Amino acid sequence: MTTFIAVLYIISFALFIYGLMGLTGPRTAVRGNWIAAIGMGIAVIATLLTPGMSNWLLIALGVAIGVVVGVPSARKVKMTAMPQMVALFNGVGGGAVALIAWVEFRTTEGYAHEPAYVAIASLFAAIVGSVSFWGSNIAFGKLQELISGRPITLGKLQQPVNALVLIAAIVFAVVIAVGGDAELLMIGLLIAAGVLGVVVVLPIGGADMPVVISLLNALTGLSAAAMGLALDNTALIVAGMIVGASGSILTNLMAKAMNRSIPAIVAGGFGGGTAVSSGGSGEVRPVRSTSASDTAIQMAYANKVVVVPGYGMAVAQAQHVVREMAKLLEAKGITVAYAIHPVAGRMPGHMNVLLAEADVPYEQLKEMDEINSEFAQTDVALVIGANDVTNPAAETDPGSPIYGMPILKVNHSRSVIVLKRSMSSGFAGIDNELFYDAKTSMLFGDAKSSVGEIVEELKAL
């Protein structure tokens, strides 16, 4: 039986790796998810076959609760709420690891007769898992707008408080590792780590939230790997390391895309809040409005159109009608491409997921570094709900909180049309200088309705 379980674990983490390979492109992503899910199913079966496994009633109850909560949530969630769900589900993983570490502490009487590596790995998993759980819940609250998207800080006390709760968690862990077996020690450790997760994420603004989600995901993976080491569970070690490594790489790539360091983001980023007046003087500057009819005519006579999607497109669920508009333009011989900023939306790859859902050809999705050189040859850049990632202030205003962040250089296009409900700011809480550019026209309204009107005008041309 031991050999059979080992074989099942090998098969499961081989499927994890193969499934992850499928996530490199929209065409294979669904298949990759299914392959990884099958691998997880096999890993669960292998765990249940482990000698000494008992209390089947509680196990069955846990599985039933997970299915009842997880399946409907995943099926019914709207794409606009996907970032919140990712944050919440990721937090559940970290919380589960923290609880397992607590159970391990209780069943071994404070790791009394366990090797030192088991205690160290388990305590590490408890701290990181608790940080991930509570941090992910704060991220969920910000994304769901249950908590203000603005940075919520303690001012000058922020970093000392962060350091204090981190030291407290470490002290509890050290006392346990050297022989402390009082359960209050473990409870204190979990509480201190939980407070750390809260006070670290609260000061981070909405504009940095995609990076935060990725970082917390990596932390959950690392905590799971550490717990797998403590439990001598091969599948948990491999799966945790895959999640931890891929999440760390993604976090680093996204931070570079924003020209910001991860420590700077964790120390408190920009984002959210009331819009800052342009130039800080409170003046109201004129913008040029346009209509769906004029927009359709302008694009119909273009050679190249670049669509720049943002969170506004996600909120309006406009991706399908955008794809319909692109087909009409392509039928007229117009080249259409989509400019994707790494942190557009509220989670990593948000725009890619939306456009893949609408069957947009993968070849038309252009990453920022690739598309920026093409804007100078673009006749019309159609910005749909993107804000901070198109703001020229990132390049021109040293006083701007987003100064230095790489942006999509839509202002280099011959003409820019921005689809937006109002002149409200993005996550960074500042005006977008693009809106006041002489080449920019604003088409106000719901993105789905506006693009639908453009589609009808294109059909009539």
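This is a predicted model: local features need pLDDT of at least 70, side-chain atom pairs count only at pLDDT 80 or more; totals for chains, interfaces and linings use all residues.
Local features need pLDDT of at least 70 and side-chain atom pairs count only at pLDDT 80 or more, while totals for chains, interfaces and linings use all residues. Residues are numbered from 1 along each chain as its sequence is written, and side-chain values use heavy atoms, with hydrogens and water left out.

Start with helix H8, residues 209-231. Helices (H or I, at least four residues) and strands (E, at least two) are DSSP runs, numbered from the N terminus. H8 has 23 residues. From first C-alpha to last it reaches 33 Å, close to the 33 Å expected at 1.5 Å a residue. That expected span is 1.5 Å times one less than the number of residues. Of the 23 residues of H8, 17 are buried, so the helix is largely enclosed by the rest of the structure. Buried means under 20% relative accessible area, exposed over 50%, and partly exposed in between (1.4 Å probe, protein chains only). Just after H8, Asp-232 takes a positive phi of about 60°.

Two loop residues also have positive phi. Most residues other than glycine have a negative phi. Gln-317 has a phi near 55°. It lies in the loop between helix H12 (311-316) and helix H13 (319-331). Gln-317 counts as partly exposed because its relative accessibility is 28%. Asp-359 has a phi near 60°. Its loop runs between helix H14 (350-357) and strand E3 (365-367). At 61% relative accessibility, Asp-359 counts as exposed.

Now the surface. Leu-58, Leu-61, Ile-65, Val-68 and Val-69 make a nonpolar patch of about 480 Å². Patch residues have over 30% relative accessible area and no salt bridge; like charges are joined within 9 Å, and nonpolar side chains (Val, Leu, Ile, Met, Phe, Trp, Tyr) within 5 Å. A salt bridge is a side-chain nitrogen of Lys or Arg within 4 Å of a carboxyl oxygen of Asp or Glu. Areas come from the Shrake-Rupley method with a 1.4 Å probe. Ile-65 is found in helix H3 (residues 56-76). Its relative accessibility is 49%, so Ile-65 counts as partly exposed.

Finish at Asn-372, in the loop between helix H15 (368-371) and strand E4 (380-384). Asn-372 counts as buried, at 16% relative accessibility. Its side chain reaches the backbone nitrogen of Lys-409 at 2.9 Å. Leaving aside neighbours within four places in sequence, Asn-372 is in contact (heavy atoms within 4.5 Å) with Ile-407, Leu-408 and Lys-409.

Technical notes: A polar contact is a pair of N or O atoms within 3.5 Å; within protein, one must be able to donate a hydrogen and the other to accept it, and residues adjacent in sequence count only if both atoms are side-chain atoms.
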